Amino acid sequence: PQLIARINLPHKPSRKLLHSLISRLGTKHPQAMVYPLSVALLSPKEDRRLAAETLMANFRQHSKKLVEEALLVSGELVRTAISWYEQWYDGIDDASRYYYGAGNIQAMLDILLPLHKMIEKASTHQEESFLQVIGRDLNEA
């Protein structure tokens with residue numbers, strides 16, 4: 001985790017050396033590197049996310065099944081840890097700040113459109129309940 005935390009070092013030679021070290025570790029012990037990298041893939045920081053994607057692509061070359069399974073588990077953990085109610089509450093709060101506070105309609109849409117796309121497919125009882133209770137109102141909005 002400490003190595004993964006630094007995958008987006010600003011100093012290019014240090015970053016290159018770190019990526020090389022992580023790649024070599026991942027060749028010998030991919031299970032130790034894949035999950036922390038799958039979390040880094042979700043980073044809001046683009047440079048961190050891109051670094052994680054590059055390293056994960058290297059790991060896919062020799063541990064494709066492990067990488068795919070880790071990404072699946074990581075995605076499901078994140079999906080189930082934060083309910084749709086919480087995601088929508090936070091999204092509406094952020095979107096309203098962009099719209100009313102900054103007058104930034106595009107930023108508001110950038111937050112709300114992925115939330116609308118998310119509710120196209122419910123896969124748990126909690127998500128189905130969410131859609132039954134407020135799905136129609138959200139689609140009309």
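Student: Which element gives the most to the nonpolar patch?
Tutor: Helix α5 does, with three residues. Helices here are DSSP runs of H or I, at least four residues, and strands are runs of E, at least two, numbered from the N terminus. A word on the source: this is a predicted model, where local features need pLDDT of at least 70, side-chain atom pairs count only at pLDDT 80 or more, and totals for chains, interfaces and linings use all residues. Residues are numbered from 1 along each chain as its sequence is written, and side-chain values use heavy atoms, with hydrogens and water left out.

Student: Which residues form the nonpolar patch, and with what accessible area?
Tutor: Y99, Y100, I105, L109 and L113, with about 530 Å² together. Two elements give two or more residues to it: α4 (84-101) and α5 (105-118). Patch residues have over 30% relative accessible area and no salt bridge; like charges are joined within 9 Å, nonpolar side chains (Val, Leu, Ile, Met, Phe, Trp, Tyr) within 5 Å. Areas come from the Shrake-Rupley method with a 1.4 Å probe, and for residues only the protein chains shown count as cover.

Student: Why does Y99 count as partly exposed?
Tutor: Because its relative accessibility is 36%. Buried means under 20%, exposed over 50%, partly exposed in between (1.4 Å probe, protein chains only). Y99 sits in helix α4.

Student: Switching to charges. How many salt bridges are there?
Tutor: Four. The rule is a side-chain nitrogen of Lys or Arg within 4 Å of a carboxyl oxygen of Asp or Glu.

Student: Which residues are linked in a network?
Tutor: D93, D94 and R97, through salt bridges. D93 pairs with R97 at 2.6 Å, N to O. For D94 and R97, the closest N and O atoms are 3.0 Å apart. In helix α4, D93 is four residues from R97, about one turn. D94 is three residues from R97, also about one turn.

Student: What about E69 and K65?
Tutor: Their side chains form a salt bridge at 3.9 Å, N to O. They are four residues apart in helix α3 (residues 46-81), so about one helical turn separates them. K65 is exposed because its relative accessible area is 61%. E69 is partly exposed, at 42%.

Student: Last one: is N8 buried or exposed?
Tutor: Buried, because its relative accessibility is 18%. N8 lies in the segment before α1 (12-28).

Student: What is N8 in contact with?
Tutor: R15, K45, D47 and R48, leaving aside neighbours within four places in sequence. Contact means heavy atoms within 4.5 Å.
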